[in-house]
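Welcome! Take a look at the sequence and the 3D picture below, and then walk through the notes that follow.

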Amino acid sequence: MILTLIAAHDPNLVIGKDGELPWHYPEDLKFFKQTTMGHTLLMGRIVFEELGEKLLPGREGVVLSRSQSYPHVPTFSSIDDALNHLSDKERVFVIGGGEIYRQTINMADELIITEIDEAYDGDTFFPEYRDQIGEVWKEKFRQESGSLTFLKYVRNRS
Ligand SMILES: NC(=O)c1ccc[n+]([C@@H]2O[C@H](COP(=O)([O-])OP(=O)(O)OC[C@H]3O[C@@H](n4cnc5c(N)ncnc54)[C@H](OP(=O)(O)O)[C@@H]3O)[C@@H](O)[C@H]2O)c1
């Protein structure tokens, strides 16, 4: 299974504020939809609530929570249990939030990042990884579009 973290962050690694995205970039939402369509998503309970406790159309998903269980979505109380359940999937996207990125970045194969060049107020952050670019993370793709830069990093296995 290829484990891919997908996130958008500002220059200070802000990803969220008050349980929501601090920004609205339709181009990034479109990119997220295109990239994840047809795949399986792993998310934390706060993100699932942000999505209205519904799975995104065209995508399967599982939720991580120690306090809730949902009748319509597989919910796991540990990352290991969730990943075991998903072990036959070719690719799984971790779609956040901050707690889940922090606990999975060390096992991730890829990072798909949207860098936002404007700074926002926030209370939730993507884990620091930029000091490992070159050594741990090899840049494989970069496309700039206005204030957004779409990037893909792959773990250096050599
Ligand atoms: N910019 C982006 O790309 C992006 C992407 C996603 C999210 N976000 C933002 O990030 C924020 C949400 O992130 P967050 O860190 O507050 O919450 P989160 O990661 O979505 O969810 C945290 C919850 O997940 C559960 N959890 C965490 N670790 C677990 C584990 N090992 N096993 C089982 N359950 C576990 C716990 O739920 P229980 O309390 O129920 O036990 C915990 O309260 C929002 O502001 C959102 O908009 C931004």
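## The protein at a glance

A compact globule of 158 residues would have a radius of gyration near 15 Å, and the protein has 15 Å, which agrees. This radius is taken over C-alpha atoms, and the globule rule is 2.2 Å times the number of residues to the power 0.38. What you see is a predicted model, where local features need pLDDT of at least 70 and side-chain atom pairs count only at pLDDT 80 or more, while totals for chains, interfaces and linings use all residues. Residues are numbered from 1 along each chain as its sequence is written, and side-chain values use heavy atoms, with hydrogens and water left out.

**Overall build**

- The protein has four helices and 10 strands; these are DSSP runs numbered from the N terminus, with helices (H or I) of at least four residues and strands (E) of at least two.
- Along the principal axes, the C-alpha atoms fill a box of roughly 40 × 40 × 25 Å.
- Of the contacts between residues at least 6 apart in sequence, 63% join residues at least 24 apart; a contact means heavy atoms within 4.5 Å.

**Surface and charge**

- Buried residues make up 43% of the 158 residues; buried means under 20% relative accessible area, exposed means over 50%, and partly exposed is in between (1.4 Å probe, protein chains only).
- There are 17 positive and 26 negative side chains, and the centres of the two sets lie 5 Å apart.
- In this count Lys and Arg are positive and Asp and Glu are negative, while His and the chain ends are not counted; each charge is placed at NZ of Lys, CZ of Arg, CG of Asp or CD of Glu.

**The nonpolar cores**

- In soluble globular proteins, nonpolar side chains tend to be buried together.
- The largest nonpolar core here has 26 residues, and those with the most contacts inside it are Leu5, Leu42, Leu111, Phe126 and Tyr129.
- Two or more residues of this core come from each of strand 1 (2–9), strand 4 (60–64), helix 3 (79–85), strand 6 (91–94), helix 4 (98–104), strand 7 (110–116) and strand 10 (148–155).
- Apart from this core lies another one, of 19 residues, among them Leu41, Phe48, Tyr70 and Leu148.
- A nonpolar core is a set of buried Ala, Val, Leu, Ile, Met, Phe, Trp, Tyr and Cys residues joined through side-chain atoms within 4.5 Å.
- Tyr129 touches His9, Leu13, Ile105, Leu111, Ile113, Glu115, Trp137 and Tyr153, leaving out residues up to four places away in sequence.

**Backbone details in the loops**

- The peptide bond from Gly96 to Gly97 is cis, with omega near 0 degrees, and Gly97 sits in the loop between strand 6 and helix 4.
- Leu13 is not a glycine, yet it has a positive phi of about 70 degrees.
- You can find Leu13 in the loop between strand 1 and strand 2 (14–16), and at 5% relative accessibility Leu13 counts as buried.
- Glu53, also not a glycine, has a positive phi near 55 degrees.
- Glu53 belongs to the loop between helix 2 (45–50) and strand 4, and with a relative accessible area of 33% Glu53 is partly exposed.

- Thr149 is part of strand 10 and is buried, at 11% relative accessible area.
- Beyond its neighbours within four places in sequence, Thr149 is in contact with Ile113, Thr114, Glu115, Arg142, Gln143 and Glu144.
- Glu139 is in strand 9, where it counts as partly exposed at 40% relative accessibility.
- Setting aside neighbours within four places in sequence, Glu139 is in contact with Leu151, Lys152 and Tyr153.
- Ser145 also lies in strand 9 (residues 137–145) and touches Glu27 and Phe150, not counting residues up to four places away in sequence.
- Asp80 is found in helix 3 and is exposed, with a relative accessible area of 54%.
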